[in-house]
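Dear colleague,

Please find below the structure for your review, together with its sequence.

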Amino acid sequence: MTIFSDKLSRLHETITLVSGCGNGELAHALQEGRDRTVIGVGSGGSAVAAEFLARCRATLGFERTVVMTPMELVLSGESCRGCEIWLFSAGADNPDVAAAYRTATQSGAVAVRLVTVSQSGATAVAAAASAKSCLYVLPVADPKDGFLATHSMTAMITALLLACDALCERPSGNSLVDAFAQTARELLAPDSIAANAMLGFRTGDTLLLLCDPRVRTIAVLVETSLWETGIAPVQRTDFRNFAHGRHVWAAKYPDQMFILALTAAESRAVWRPIAEALPTGLRAGEVDFGAAGRFRCAVGVLQGLHIVRSLGDAAGIDPGKPGRGEFAKAIYDDASLDRLSMELSGAARHKLKAREAHDPLDDEGACVCMTARERIERLREARFRGVVLDYDGTIVTTQARLERPDPLLIEELVRLVDGGMILGIATGRGGSVGDMLREALPERVHASVTVGYYNGGHLRMLDVNIDEDQPRQDADILGVADWIEAEGLLSAGRSVKRGRVQLALNQAHLAEPARFAERIRACPEVADGRVKVLRSHHSFDLVPQRSSKLAVVKAVVARAGDPSAKVIGIGDSGSPLGNDHELLSGAYGISVDSVCGSLNGCWTFFGDTLTGPAAVSTMLQAMRVEDSHGTFDIDRINSTDENIIGT
């Protein structure tokens with residue numbers, strides 16, 4: 001008897017053990033996540049369990065399930081907020097599942113669930129000790145799988161099958177357990193006959209797996225197992241994708257190919273004309289999975305293992321110990337993905353997402369992680385003479401922009417000023433910001449705070465009320481206002497409020513907010529560069545080309561009396577059209593929300609885990625002031641949240 005056959009002969013024992021341990025917690029977890037998108041993560045045999053999770057949730061009518069490998073999860077740019085992440089790993093002790101677990105716990109997912117058969121694995125230990133995750137340890141009759149996953153995978157399949165059954169209106173209960181265990185006992189007995197569907201397969205054949213997408217669990221099992229054991233080269237696709245070109249190989253090498261069709265009730269009619277059209281002599285087999293429900297797919301996993309054993313016997317290969325290259329251990333144990341997950345801090349992930357979204361043409365190919373480390377070190381070493389902050393979305397939230405700033409944030413600003421640092425405010429708004437700041441800040445500092453109103457188009461000290469000191473009217477701004485109204489860019493009944501050096505258009509007042517940036521480019525004053533378009537989270541600002549929040553930075557540097565003085569810029573709208581983009585694009589610009597795609601400027605400290613005034617307060621609290629200069633305590637910032645920077 002082969003090692004693999006011996007493992008299979010006892011799978012019914014694992015099914016019985018799992019059924020007896022109670023699956024209420026797993027059923028509760030499934031129910032809790034019914035209305036959430038779920039990401040199922042696994043490698044090898046654990047990927048089969050992740051696929052089965054997806055099928056189970058689909059049959060129950062739950063929200064969509066996305067299946068990923070650990071590397072896909074680590075490098076995914078998708079937002080996990082509001083999602084659940086389910087990790088499947090037999091031993092929970094390899095570096096790839098460690099990387100996936102770290103990424104999952106730092107992703108903002110509402111739940112991270114690890115399903116394993118070993119509570120002693122390093123990742124299982126971490127999950128058990130973390131309030132961010134849930135651990136589910138399943139029993140197995142044989143704790144050692146051999147080369148291919150057998151007992152661990154069967155335990156996961158059984159647990160999910162029974163948990164889903166518990167959620168049905170009329171659970172099958174013991175009948176389901178008995179039927180599944182009995183099938184395993186009979187189908188996987190050492191003396192069971194070869195899989196009829198594979199009659200005609202010859203050693204050396206390329207195996208083409210054509211499957212109904214609903215039985216992808218079984219197809220993934222067969223594909224993974226045959227590649228991992230070296231029994232046969234194999235490719236998996238569905239019936240109609242095969243019809244769109246995948247058939248050429250079969251035409252060129254009909255004597256070296258075997259087709260295995262995995263059908264279900266509805267897809268038999270799709271496979272039949274394909275089978276009839278195949279040339280005479282091209283060998284093929286079929287396994288039908290009926291309604292392709294949860295139980296039938298679970299049984300299909302057992303059939304898939306039976307097929308792998310049969311093909312292994314034919315090829316003279318024991319799937320439980322197929323032999324492997326000398327390099328196998330080195331690549332399996334390599335921790336490069338785990339290191340990458342550490343280096344992909346919140347800030348690096350945030351920049352990576354922006355880089356992919358904006359797709360800059362001047363992509364220099366630099367590593368985001370390396371650039372993040374270099375930038376953090378630059379900030380750690382810098383001594384800042386001043387700080388310039390945006391107002392809306394930075395000092396106050398966008399939603400509460402008409403309310404007074406948080407007293408704790410104001411307290412930090414006063415601390416910097418009292419320590420000798422120079423404070424500047426760069427806002428897209430007008431006199432209302434001055435009014436609010438004069439109320440919030442003590443009067444003794446008003447004359448020392450530079451304010452750049454209208455996106456830097458009008459600079460005055462805070463003690464000056466600009467309602468009594470307005471800028472001159474810019475003719476180009478009036479021209480743009482006339483053009484906008486003539487072209488009907490505003491919603492019905494709206495008109496442009498004509499400012500002297502800025503037009504501020506609330507996005508809610510535009511006829512087509514999503515197309516405004518595109519349509520305004522046709523305006524003559526914008527087209528020839530006399531007026532530029534900026535965007536905040538709630539408005540579009542149109543300002544003369546000369547207006548810039550960098551004017552506030554220059555004013556702060558001038559007040560310092562040292563052309564080399566370093567000034568940190570803080571804002572929330574760092575995207576390419578953002579009205580803080582120029583302020584944040586330098587070496588010392590820090591965003592507390594959106595960033596651009598360039599690696600050279602406009603980074604966050606916290607990614608998207610901490611934004612707006614809360615992020616500003618955290619940053620300022622970590623700034624030490626001495627001799628009129630401020631320095632960042634990077635270690636203190638990093639300790640605020642375990643995934644912020646990565647050092």
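Helix 17, which spans residues 346-358, supplies five residues to the lining of the largest cavity and is the element that gives the most to it. Please note that the model is a predicted one.

The largest cavity holds about 270 Å³ of space. Its lining comprises 21 residues, and those that lie nearest the centre are Glu78, Gln106, Ser107, Arg349 and Lys353. In terms of class, 13 residues of this lining are polar, while four are nonpolar and four are charged.

The second largest cavity has about 70 Å³ of space. Twelve residues, written as 12 in my tables, line the second largest cavity, with Ala347, Ala372, Ile376, Trp603 and Thr604 nearest its centre. Two or more lining residues come from each of helix 17, helix 18 (368-381) and strand 19 (603-604). Helix 18 gives the most here, with four residues. The lining of the second largest cavity divides by class into nine nonpolar residues, two polar residues and one charged residue.

Helix 17 therefore deserves a place in both descriptions, under the rule that defines helices as DSSP runs: this helix gives five residues to the lining of the largest cavity, and helix 17 is also among the elements that give two or more residues to the lining of the second largest cavity.

As for the overall count, three cavities of 30 Å³ or more were found in the model.

With kind regards

Definitions and conventions:
Residues are numbered from 1 along each chain as its sequence is written. This is a predicted model: local features need pLDDT of at least 70, side-chain atom pairs count only at pLDDT 80 or more; totals for chains, interfaces and linings use all residues. Side-chain values use heavy atoms; hydrogens and water are left out. On a 1 Å grid over the protein atoms alone, a cavity is a set of points where a 1.4 Å probe fits but cannot get out, and a pocket is an open set with protein on both sides within 12 Å along at least five of seven lines; lining residues have an atom within 4 Å of a point. Grid points are joined across faces, edges and corners, and a volume is the space filled by probe spheres set on the points. Ala, Val, Leu, Ile, Met, Phe, Trp, Tyr, Cys and Pro count as nonpolar, Asp, Glu, Lys and Arg as charged, and the others, Gly among them, as polar.
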